[in-house]
Amino acid sequence: MSSTGPPVLPISTVQSTESQPPISVSAFRAYLSRLNDSFHNGISQRRPWPELTDRSAFSKPESFSEATLRIRKNYSYFRVNYLMVIGFTLAFSLLSHPFSLLLLLGLLFSWVFMYLFRPADQPLVIFGRTFSDRETLGILIILSVFVIFLTSVGSLLISAIMVGFGLVCAHGAFRAPEDLFLDEQEPANTGFLSFLGGAVSNAAAAAVPAVSATRI
């Protein structure tokens with residue numbers, strides 16, 4: 001008589017799925033950290049504001065060629081300050097038009113939460129329909145084109161940038177640069193362009209690994 005062991009109770013191995021955040025938190029924090037470092041690095045290169053607004057250094061240019069020469073020299077010296085002036089003009093324009101600001105913020109958050117930092121194991125589901133990554137990207141591109149070009153947001157951004165650019169050109173033309181370059185020679189890769197390039201490259205370096213990890 002064969003001995004039978006005790007009956008084995010069937011145990012279903014259910015994997016505990018913890019609720020994951022809607023975005024990759026670590027990658028998003030790394031992105032914000034690098035963006036913050038790039039911003040502070042660029043701000044540290046700005047010139048003193050009293051030097052920018054020194055009333056005794058303003059004079060009328062004698063010709064158009066002298067005005068353009070002044071703009072080039074002042075641009076080389078105050079490039080970060082000029083970028084901040086354009087940024088302030090853009091911020092003031094957006095704050096004075098809250099609807100456009102809300103549209104831009106909504107577009108930004110849509111890219112962040114729906115594509116850039118969304119975990120790969122959490123597909124986008126809207127009204128019970130699951131969207132693939134390609135479909136999500138197409139929707140976001142169409143939404144971006146609509147917000148920028150088919151609403152007042154695009155004209156607002158262009159007008160604000162043009163106003164800031166006009167202020168920069170007016171300051172550069174009337175600010176005499178003779179006292180700026182006597183003892184200082186700026187490297188060719190510092191200032192305005194390097195600030196923009198550094199911010200974009202650092203932000204991309206932080207975002208690309210996160211996007212690659214979520215798309216694999």
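View 1. The model is predicted, so local features need pLDDT of at least 70 and side-chain atom pairs count only at pLDDT 80 or more, while totals for chains, interfaces and linings use all residues. Residues are numbered from 1 along each chain as its sequence is written, and side-chain values use heavy atoms, with hydrogens and water left out. Tyrosine 77 is also buried, at 9%. Rings of Phe, Tyr and Trp (its six-membered ring) pair if their centres lie within 6.5 Å, and planes under 30 degrees apart count as stacked, over 60 as edge-to-face and the rest as tilted. By this rule there are four aromatic pairs. In one of them, the ring centres of tyrosine 77 and phenylalanine 78 are 4.9 Å apart and the planes lie at 85 degrees, so this pair is edge-to-face. Tyr77, Phe78 and Tyr82 form one aromatic cluster.

**View 2. Tryptophan 111 and tyrosine 115 in helix α4.** The rings of tryptophan 111 and tyrosine 115 have centres 6.2 Å apart and planes at 85 degrees, so they too are edge-to-face. Because the two residues are four apart in helix α4, about one helical turn separates them; helices (H or I, at least four residues) and strands (E, at least two) are DSSP runs, numbered from the N terminus. Tryptophan 111 is partly exposed, with a relative accessible area of 22%, whereas tyrosine 115 is buried, at 13%.

Definitions and conventions
Buried means under 20% relative accessible area, exposed over 50%, partly exposed in between (1.4 Å probe, protein chains only).
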